[in-house]
Amino acid sequence: MIHTYDTQIHYSRDMNGETVTCFRLDTKVSTYFFAASDAKFLLHGYYGSRAGQDDLSFLLHLDVYPHTVKSNLREKGVIMGAYGFEYPCHGIGDYREACLMIEDKAGMTTCDFRYVSHEVMKGKPKLSQKDFDVIPATFEGENSCETLKVTLQDSHTDLTLELYYSVFEELDVITRSARLVNGSGNPVTIRRIFSTCVDYDESDFEMITLNGSWGRERVIERYPLRHGKQLVDSICGESSAQSNPFAALVRPGTDEEQGEAYGFNLVYSGNFTIEAQVAQQHKTRLVAGIHDYDFAWVLEPDYDFWAPECVITYSASGLGTMSRNFHDLYRGNLIRSKYVREERPILINNWEATFFDFDTEKLLSIARESAKLGIEMLVMDDGWFGRRENDDSSLGDWKVNEEKLLGGLKYLVDEVNKLGMKFGIWFEPEMVSLDSELFRAHPDWAIQVPGRELTLRRNQFVLDFSRKDVRDYVYGMMTAVLRSANIEYVKWDMNRSLTEVGSALLPARQQREVWHRYVLGVYDLMNRLTTDFPDILLENCSSGGARFDPGMLYFSPQIWTSDNTDAVERLKIQMGTSLCYPPSAMGAHVSVSPSQAVGRATPFATRGDVAMAGTFGYELDVTEMSEEDLAAVPKQIETYKKYRHLVLNGDYYRLSYHMCDAKWNAWEFVAKDRSEALVTVVQVMSRANSPAVMIKPRGLDPEAMYLVEEVGSAFSGETLMNCGLRVDLWGDFVSKRYHLVIV
Ligand code: GLA
């Protein structure tokens, strides 16, 4: 609910009053309040648990220290450094992080945007700027929303700034983005344009971020704020395995079920920063947006620029609620694929089974065995094109290697279809190998600084996707393949970060735009692909999970979570990922034991139970499995089919985390109507003389009776949630499932 009103504030020091225009955004449990002062500064007032229906202008603290250049010009500088602002500008006395820095025609970088007008609208506008039609963002979908647009102007440069606040009331979510419009006759250079700023009057917060590396993506870190700046960021051209565009500010003591949590997630896949700064008076400012490191953007007259959207959610009941708010928003209002609510095919991917060493017969032998087991789709991974026998060559030459795939792609796909299975294929569209026809023909198509040595990674370069001609050419090759056979799934991979960032087509003064133009170019091509082939299920991937972010989710309902498929490591990775991303979006496969990533041996059943907490599949050679494991597959598939609607549409609860208790990981999916739940427990570290543990399910109907199928008895939801299920496991890495159904 958005409410705007004008009110009068009277100062304690003199009798002059000031009129402020107030903006109040209410969700189910939160209130966000800000106002335009008499001098037209956009001041932040409050964000937290829902306030009553009072006039909240007292939260601006203007009556204590009048904030108006009219009555207190003398102390404008002091005021700028002390008050909360909605979108702080660089250069006018607020020395905390600014959201905006613009270089004008005189080379000056000060800007000062003041409130002009506002408008409330139903739904929300699309993010789209000249030359780039689609910028991923949430939309009005399963959950409705309304939007407040506040327009500001910098009278010195004649630039207009529009701030957008969309309120998803039921989900306790507010999304923010900013659009800068150059209506002046002169170009300006944007040096920084963030998406959001939230100022808090206090600093008793802890910051949670997701950090890691290849094979160890999105591990939860939590630390108290201190004076100065704490941040999570990426400057490598993608959201990255090392960090994720997510951060939460939580109160000390906040856990899964209680305490305040503010979650921030940027709908962006490139360089970003999310930064918390504790400044004087113990105030905290959180800003988030495209990283300004090596960034600049020339905004020509009549052009606009959209800062990507930042999703913000408030929970007064711990991290679990925060996560479920994100999950519901992303499933209902961000992932635009038609498959978002559909049960996805259980796939088998040949990568960890064969790597590059396969041919038609090998793939068909895997498919034949898989079909017998009940697997629904074969995905042919890297190595089917050009002369690619290892990772040294052929990226960019998207033509089927018919020596390897005897009979051609269509023959293979038809044969797989005859077995009753779907067929999917791997691409790495953004890349070119040093040894490729494409690079030999168009060396200038790689991102590069002419005259400098290009840095190779995995023997490959990044194509200049800021260029439409490059994108068009790659797309032409991809569509020729996709149209040549009945391909129903694409895995879009991206296996290196950017170096020597420069583009052959842009003039010198626009070279700093390449980082962002590249990301917009990737979005452009994904948009074309998913628009032209709406029935293709798209799965994103980046050296495992190095681009698991909301920008990618907009296009693909599932993303490969990590190249590390070890069941124990996956517990950590999947739980970290679940802080803001829905489990239904996490590609999770059963692979061989001992794990190829860490050498750990785990039971087949546990690998299955862990993979069932996401979009389930297999990634091993079914023709070489032990009799025992092979015999277990049909049952495992049947089990996933029985529960996959819960993973897809249910509420997710983290019940226990072995990083905290060193023993168990337990999680739960609960149907939205609370009619059933699935609890899974994995014992990571067994202990001598350690009594059975009571695992307490959450989210049940306390009044209802639930049959615990595996125990054979029924208990009330109240008893189960308060007293718990007794779990007794013997040995390491063993797992157990409990299915609770209302009787
Ligand atoms: C990346 C992906 C893997 C696989 C390989 C192929 O590492 O994460 O799943 O597709 O590339 O080269």
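Predicted model: local features only at pLDDT ≥ 70, side-chain atom pairs only at ≥ 80, totals over all residues.
Residues are numbered from 1 along each chain as its sequence is written, and side-chain values use heavy atoms, with hydrogens and water left out. Local features need pLDDT of at least 70 and side-chain atom pairs count only at pLDDT 80 or more, whereas totals for chains, interfaces and linings use all residues.

Helices (H or I, at least four residues) and strands (E, at least two) are DSSP runs, numbered from the N terminus. Eight strands form a closed barrel in the order E20-E21-E22-E25-E26-E27-E28-E29, with parallel pairing; two strands pair if DSSP finds at least two bridges between them. From one strand to the next, the twist averages 35°. Within this barrel, strand E26 (residues 537-540) and strand E27 (residues 558-560) run parallel and are joined by 2 bridges. Asparagine 540 has isoleucine 559 in E27 as its bridge partner.

Helix H4 lies across strand E20 (347-349) and strand E21 (377-380), and runs at about 160° to E21. Helix H12 (residues 627-649) lies across strand E28 (586-590) and strand E29 (615-618), at about 165° to E29. Axes are lines fitted to C-alpha atoms, for helices over the stretch in contact, and angles run from 0 to 180 degrees between N-to-C directions.

Helix H4 (residues 360-373) also packs with helix H5 (residues 408-418), at an angle of about 15° and with the axes 10 Å apart. H4 and H5 are therefore roughly parallel to each other, a term for angles under 35 degrees, whereas those over 145 count as roughly antiparallel, 65 to 115 as roughly perpendicular and the rest as oblique. In this contact (heavy atoms within 4.5 Å), Thr360, Leu363, Leu364 and Ala367 of H4 meet Tyr411, Leu412, Glu415 and Val416 of H5. The contact of H4 with H5 has 6 nonpolar, 1 polar and 1 charged residues. Here Ala, Val, Leu, Ile, Met, Phe, Trp, Tyr, Cys and Pro count as nonpolar, Asp, Glu, Lys and Arg as charged, and the others, Gly among them, as polar.

Several loops hold backbone features. Proline 594, in the loop between E28 and helix H11 (604-611), is joined to serine 593 by a cis peptide bond with omega of about -5°. Histidine 61 is not a glycine but has a positive phi of about 60°; its place is in the loop between strand E4 (42-49) and helix H1 (76-82). With 33% relative accessibility, histidine 61 counts as partly exposed. Serine 240 has a positive phi near 90° and is found in the loop between strand E13 (228-234) and strand E14 (243-250). At 3% relative accessibility, serine 240 counts as buried. Buried means under 20% relative accessible area, exposed over 50%, and partly exposed in between (1.4 Å probe, protein chains only).

Two further residues were examined for their contacts. Aspartate 732 is in the loop between strand E36 (725-727) and strand E37 (734-742), and counts as partly exposed at 32% relative accessibility. Neighbours within four places in sequence aside, aspartate 732 is in contact with Gln683, Val684, Met685 and Ser686. Lysine 149, in strand E7 (residues 146-154), counts as buried at 17% relative accessibility. With neighbours within four places in sequence left aside, the contacts of lysine 149 are Ser117, His118, Glu119, Met121, Glu162, Leu163 and Tyr164.
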